[in-house]
Amino acid sequence: MMAGIAALFCQEIRVINLGLEVFAQELQRLGVPVIHVAWSPPAGGDPRKAALLAALADEEEE
Amino acid sequence: MSIKTANQAALDRLVQAQPVLVDCLTAEQAMGFTGRTMLHAGPPLSWERACPTMQAALLCATRYEGWATDDTTALDLIRSGEVRLGTCHHLGAVGPMTGIITPSMPVFVVENRAAGNRAHVTINEGLGKVLRFGANDESVVERLRWLHREAGPVLGAAIRASGSIDLRVLMAQALRMGDEMHQRNVAASCLLARTLMVHLARLPADSQAVARVADFMAANDQFFLNIAMAAGKASTEPCVGIPDSTMVVTMARNGTDFGIRVAGLGDRWFTAPVEVPQGFYFPGFGPEDANPDIGDSAIVETMGLGGFAMAASPAVARFVGAGGMQEAIRATEEMAEICLGEHPHFRIPILDERGTPVGIDVRKVVETGITPLINTGIAGKKPGVGQIGAGVARAPIACFEQALEALAARRGPTHG
């Protein structure tokens, strides 16, 4: 496991950053290719509202 | 019905509406409401909870109708229930700012040819001391009487002589001319005046009366706003009552509460305390002078214009303090995140002809935390001061959270 991670950092790193943009900005500053995805947990992470949203999600049409 | 199917049906009805201006009649004639009743903007409101601007307008309208000769008597009539209060939206109408409609006031009649329903709105009074901003003196009453006596009948005759005026076409064109139909109606007002001009000129009415009406229209860049609102009401109303749809069909404010209604939840309102708009103030005024957000005009955003069409109207973006062109585009793109689709008729050239975002989805608002952006005038909180600035207001998320709960409850556990 650790060897795999070590190997990862020995090659060119390309990053997809989810959520906090500051991580993407720091990588950009260091010249690391990064794509930032603006994402936040549904309903700000409120579990009750997330459950309501899940219950009201679009169903796949048959 | 699945939510997806219901929402597609609601969105189709909204964007395929064909609002046309067909008449200008008194509210009694057009809407059939009689007796001592006054309609106001926003969700239902009692006298006690009304803001001072709304209260002043209600007193003034009571005097205008001749139900009272002074404010003390007018207040007694309202408090005793002899003069009743109602909501414009419940009677197929909308009103800007305080939104007062009484039986003798002339109202534009907008018919949705796609669904056969009608919507109504008063004639925009112009700037200065006006009822919609809570002004309450004899000059306000006299203008209202002139609108009843002369402007309404003249405009009604000209509109009838025109046959009808296609508002969807007119608004689509005005959008390309820099209007977003809420804070900017310069182009739409000009297009309407151009269409009505020949019919006004041909009226058998006294030429001086026609000239006064023409002058009144020409002096008001926002003349078309009320008609855009009625077009929005006529377009959204057929969506009310589509089971399982999570699409917003009404956003309205009464100066105390912000309220929304949702297609799948019928006439039920979901309300939260209304906010004070953020924006630019005219010289001598500041946020401490501002009335909380008020009026039915957010129906314009509900049909995909106003703040949702900010990218089409960079002049407005600056006026309401939203910055320049890039900020305007970002505002429209942000609203797209909470909408079900794009309007096939309201297209924005600078966005490569994409349609304006339309069909606010309660679920998307709660999921993203992005609340609808409303371009609006800022009213002074002191009655009668009038407009003191312009800005943007956000619909309170609490309205959408309540609606989400109600939608889930109605859907029931078997669908969960």
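This note goes through the two chains, their interface and some local features of a predicted model.

1. **Ground rules.** The model is predicted: local features need pLDDT of at least 70, side-chain atom pairs count only at pLDDT 80 or more, and totals for chains, interfaces and linings use all residues. Residues are numbered from 1 along each chain as its sequence is written, while chains are lettered from A and ligands numbered from 1 in the order in which they are written.

2. **Chain B overall.** Chain B has 14 helices and 16 strands. Both are DSSP runs numbered from the N terminus: helices are H or I with at least four residues, strands are E with at least two. The C-alpha trace spans about 60 × 50 × 45 Å along its principal axes.

3. **Burial and contacts in chain B.** Of the 416 residues in chain B, 58% are buried. Buried means 20 or more other C-beta atoms within 10 Å of the residue's own; exposed means 12 or fewer, partly exposed is in between, and C-beta atoms are placed from the backbone. Among contacts in chain B with a separation of 6 or more, 74% join residues 24 or more positions apart. A contact requires C-beta atoms, placed from the backbone, within 7 Å.

4. **Two domains.** The domain assignment of chain B gives domain 1 (3-229) and domain 2 (241-415). Such bounds come from an automatic or database domain assignment. The C-alpha centres of the two domains of chain B lie 21 Å apart.

5. **The domain interface.** In chain B, 51 residues of domain 1 are in contact with 56 residues of domain 2. On the domain 1 side, helix 1, helix 3 (52-64), helix 6 (167-176) and helix 9 (225-236) of chain B each give two or more residues. Helix 1 of chain B has the largest share, eight residues. By class, the domain 1 side divides into 30 nonpolar, 14 polar and seven charged residues. Here Ala, Val, Leu, Ile, Met, Phe, Trp, Tyr, Cys and Pro count as nonpolar, Asp, Glu, Lys and Arg as charged, and the others, Gly among them, as polar.

6. **Chain A.** Chain A has three helices and two strands. From the N terminus on, they run α-β-α-β-α. Chain A is more spread out than a compact globule, because its radius of gyration is 18 Å, well over the 11 Å that the globule rule gives for 62 residues. Its C-alpha atoms fill a box of roughly 45 × 25 × 25 Å, taken along the principal axes. Buried residues make up 8% of the 62 in chain A.

7. **Where the chains meet.** Eleven residues of chain A are in contact with 16 residues of chain B. On the chain B side, helix 1 (3-15), helix 13 (362-368) and helix 14 (397-411) each supply at least two residues. Helix 14 of chain B gives the largest share, six residues. The chain B side has five nonpolar, five polar and six charged residues.

8. **His120(B).** This residue lies in strand 6 (residues 118-122) of chain B. His120(B) is buried, because 30 other C-beta atoms lie within 10 Å. Leaving aside neighbours within four places in sequence, its contacts include Ala27(B), Met31(B), Phe108(B) and Ala230(B).

9. **Asp361(B).** The loop between strand 14 and helix 13 of chain B holds Asp361(B). Asp361(B) is buried, with 25 other C-beta atoms within 10 Å. Not counting residues up to four places away in sequence, Asp361(B) touches residues including Asn7(B), Thr246(B) and Cys339(B).

Key
Contact = placed C-beta atoms within 7 Å. Rg over C-alpha atoms; globule rule 2.2 N^0.38 Å.
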